[in-house]
Amino acid sequence: MYPAPFRYHRPESLQAAIKLLGKFGDDAKILAGGQSQIPMMKLRVGDLSELVDIGRLPDLSHIEARGDTLHIGALATHAEIASSEVAARIPALIEAAGGIADKQVRNMGTIGGGLSVADASGDWPACLRGLNASVVIVGSNGSRTVSVADFILDTYTTCLEADEIVTEIQVPLPDANTSSAYVAFKRAAAAFPTCAAGIQLSMDGGTCTAVSLVLGCAGPVAVVSPDAEAQLLGKEISRSDLEAAAEIIVAESQPPPDARGSEAFKRAMLKTLVVEAGERALARCRGEEVSGGHRYA
Amino acid sequence: MPNTVVVDITVNGASYQREIEARLLLVEFLREELGLTGTHIGCDTSYCGACTVTLDGKLIKSCTCLAVQADGGKVETVEGLEQDGKLHPLQEAFSEHHGLQCGYCTPGMLMASKSLLAENPNPSEAEIRKGIAGNLCRCTGYVNIVKAVGAAAVKMQEV
């Protein structure tokens, strides 16, 4: 399958890229790693006449801890994140990165692209929402930073203006009492997840002082639930607490019935994933080494 | 800017300069511009892995990469495995252990296996299965493929 014809641009700087995007407006699309953009172009989804390849722009592939924040350049690949020692301080990040599609796709696909495409089944929108990450956006009017919660407005829809590019993802680094987990159910490596759950817990003196719970593939955007989190706050967190929280957040979600599963199947699966992610994160908070990985059919 | 581009891509050690349409996929560049038809197009949706090659040492799916993204890069395809008329140990092992039935997935399986063994010369069965997770075999020949990769790993460590 060939994409429809387009004019190809490979600007040498971020500013040049922004200028091109400003000039072409809605006629242009950004190419980073291409692992979502190229399939969409092959399927002739979305109209474009100009393709702006930012894949070789310098200084956008860093993965660095600075102060209490992890800074990830928008062009860092899933593979680079999955094998990064500094990113490993946030286990959910490594589990999401290392579980995206397969090795081939992880070598090309970028975190900036995976987040910006805002696929309801994508791993980054859910994982980064759960980790309370922020997005640095640069455009012709300068730079702004927005939370992932505010960045993704709807499925395939972000707050990015036509002349704006995501340059960095910022993830708060956890303190010693905090850990996380992200687990998806997938039919096969290359497939999008059927559903996914992520959690970050802070356990101080055996009780939960902070929690962030998120579901992926369970609605138009990542699903969060303050009521479900309230079930865990202040508790020692038993399996039944996790089950109660899962019950609430899954009731508030809208998993779409599709070829990957019925709504009832997905609701049942989401509940087990919340419990599994919760138990994994709890064990990590206790200092146990818990290996990650998704569940495959 | 025109919608053609001039690219310079090194494939299996030889450099090729071509003027191509920007929308040309790397797999089509290999097959149609260079006549290297060893790399197969299977699903054409970045799912099956039949088109797997390496670009600058990294395993990728060439149906989901524009040729222009490989401009200036080094591509290795299944044609590059045989050296001086001698099959690569992986090719020999696939032959010996019946690691193929129809053969359609084989070029991608070989490239994925080579990449796996470069990173992990002595993989367990589970690690082999994970290493080729991005490659599908419609003949369901995974048992023998996994066996072949394991055998090649042993052979390559003897050398």
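Good morning. With 297 residues, a compact globule would have a radius of gyration near 19 Å, and chain A agrees with that at 19 Å; the radius is taken over C-alpha atoms, and the globule rule is 2.2 Å times the number of residues to the power 0.38. What you see is a predicted model, in which local features need pLDDT of at least 70 and side-chain atom pairs count only at pLDDT 80 or more, while totals for chains, interfaces and linings use all residues. Residues are numbered from 1 along each chain as its sequence is written, and chains are lettered from A and ligands numbered from 1 in the order in which they are written.

Let me begin with chain A overall. Its C-alpha trace spans about 55 × 45 × 30 Å along the principal axes. Chain A holds 11 helices and 14 strands, these being DSSP runs numbered from the N terminus (helices H or I, at least four residues; strands E, at least two). Of its 297 residues, 52% count as buried. Here buried means 20 or more other C-beta atoms within 10 Å of the residue's own, exposed means 12 or fewer, and partly exposed lies in between, with C-beta atoms placed from the backbone. Among contacts between residues at least 6 apart in sequence, 64% join residues at least 24 apart; a contact requires C-beta atoms, placed from the backbone, within 7 Å of each other.

I turn to the domains. Chain A is divided into domain 1 (7–53), domain 2 (63–172) and domain 3 (178–296), with bounds from an automatic or database domain assignment. The C-alpha centres of domain 1 and domain 2 of chain A lie 19 Å apart. Between these two domains, 14 residues of domain 1 are in contact with 17 residues of domain 2. On the domain 1 side, helix 1 (residues 14–24) of chain A provides the largest share, five residues. That side divides into six nonpolar, seven polar and one charged. In this grouping, Ala, Val, Leu, Ile, Met, Phe, Trp, Tyr, Cys and Pro are nonpolar, Asp, Glu, Lys and Arg are charged, and the others, Gly among them, are polar.

Next, a sheet. Three strands of chain A form an open sheet in the order 1-3-2, with parallel pairing; strands pair if DSSP finds at least two bridges between them. Strand 1 and strand 2 (28–31) of chain A are the edge strands, each pairing on one side only. The twist averages 25° from one strand to the next. Strand 1 and strand 3 (residues 50–53) of chain A pair in the parallel sense over three bridges, and Tyr8(A) has Leu51(A) in strand 3 as its bridge partner. Helix 1 of chain A packs on this sheet, touching strand 1, strand 2 and strand 3, and its direction makes about 165° with that of strand 3. Axes are lines fitted to C-alpha atoms, for helices over the stretch in contact, and angles run from 0 to 180 degrees between N-to-C directions.

As for the partner chain, the contact takes 21 residues from chain A and 23 residues from chain B. On the chain A side, strand 1 (7–9), helix 2 (37–42) and helix 5 (103–108) each give two or more residues. Helix 5 of chain A supplies the largest share, five residues.

Finally, one residue. Gly234(A) sits in the loop between helix 9 (226–230) and helix 10 (239–252) of chain A. Is Gly234(A) buried or exposed? Gly234(A) is exposed, because 11 other C-beta atoms lie within 10 Å. Gly234(A) and Cys208(A) are 26 residues apart in sequence, yet 4.9 Å apart in space, C-alpha to C-alpha.
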